[in-house]
Amino acid sequence: MSRLSRPHSTVEPSFEVGRPLPDWHLERLDDTPIPAPADLADRPLLVLFFHLGCPGCRFRAIPFANRVVVERGDAVRVVGIHTTFEGADRTDEEIRADLEALYVRFPVYRDAGLAATFHAYRAGGTPHWVLVDRGGTILDSIFGSDPNRALLRLDYHLAELGDRTTVGFGGGCHWCTEAVFQALN
């Protein structure tokens with residue numbers, strides 16, 4: 001029986017919001033070992049698919065990812081995947097030189113084969129973001145950067161995942177909020 005003629009019920013989706021992050025197919029650019037997605041499930045994970053020939057990646061996505069590392073580094077992991085789904089392939093040396101010039105502060109791996117992980121994760125182009133919660137469940141998959149407000153949406157998601165100990169309340173005397181709080185221990 002061919003793969004296309006299998007019954008629908010036996011086909012499991014490889015990538016879907018609300019499901020666990022599937023394995024990736026990456027290659028190392030240096031001596032940094034490649035972790036399995038499950039190894040990174042101790043805190044939220046932000047995955048960035050990018051290509052160094054993409055202006056949106058170089059000038060918006062990578063700086064945003066660097067900012068996430070600086071501002072939320074203890075609370076969120078960031079992993080970069082350089083993909084060549086579209087665009088010229090680069091040598092490992094060229095990629096490392098560009099990453100150094102851009103002061104990249106997160107681990108970066110090369111997508112294996114002909115953009116295997118990019119396609120398995122159903123990325124729409126570069127930059128493409130995948131946000132995963134603590135525990136490894138996919139929360140969102142977002143293509144783009146500033147023109148479609150992707151970075152703003154990611155910022156909101158990250159804030160929601162981050163500090164869960166602070167709560168802000170708003171109210172006026174006509175809502176009787178003071179009496180509610182006085183009744184709490």
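Modeller: Rings of Phe, Tyr and Trp pair if their centres lie within 6.5 Å, and planes over 60 degrees apart count as edge-to-face. The model here is predicted.

Colleague: How many aromatic pairs does the structure hold?

Modeller: The structure holds five aromatic pairs.

Colleague: How is a pair of aromatic rings described?

Modeller: By the distance of the centres and the angle of the planes. Take Phe49 and Phe118: the ring centres are 5.9 Å apart and the planes stand at 85 degrees, so this pair is edge-to-face. Phe49 belongs to strand β2 and Phe118 to helix α3, so the contact ties together parts 69 residues apart in sequence. Both Phe49 and Phe118 are buried.

Colleague: What are the distance and angle for Phe49 and Tyr121?

Modeller: Their centres are 5.8 Å apart with planes at 75 degrees, so that pair is edge-to-face. Tyr121 sits in the loop between α3 and β5, so its pairing with Phe49 in strand β2 ties together parts 72 residues apart in sequence. Tyr121 is buried. Ring pairs link Phe15, Phe49, Phe85, Phe118 and Tyr121 into a cluster.

Colleague: What about charged side chains?

Modeller: Side chains of opposite charge can pair when their charged atoms come close. The count here is nine salt bridges. One of them joins Asp92 and Arg110 at 2.7 Å, N to O. Asp92 lies in helix α2 and Arg110 in strand β4, so the bridge ties together parts 18 residues apart in sequence.

Colleague: Is Arg110 buried or exposed?

Modeller: Arg110 has 9% relative accessibility, so it counts as buried, whereas Asp92, at 24%, is partly exposed.

Definitions and conventions. Residues numbered from 1 in each chain as written. Predicted model: local features only at pLDDT ≥ 70, side-chain atom pairs only at ≥ 80, totals over all residues. Heavy atoms only, no water. Phe/Tyr/Trp six-rings, centres within 6.5 Å; stacked < 30°, edge-to-face > 60°. Helix = DSSP H or I, 4+ residues; strand = E, 2+ residues; numbered from the N terminus. Buried < 20%, exposed > 50% of the residue type's maximum accessible area, 1.4 Å probe, protein only. Salt bridge = Lys/Arg side-chain N within 4 Å of Asp/Glu carboxyl O.
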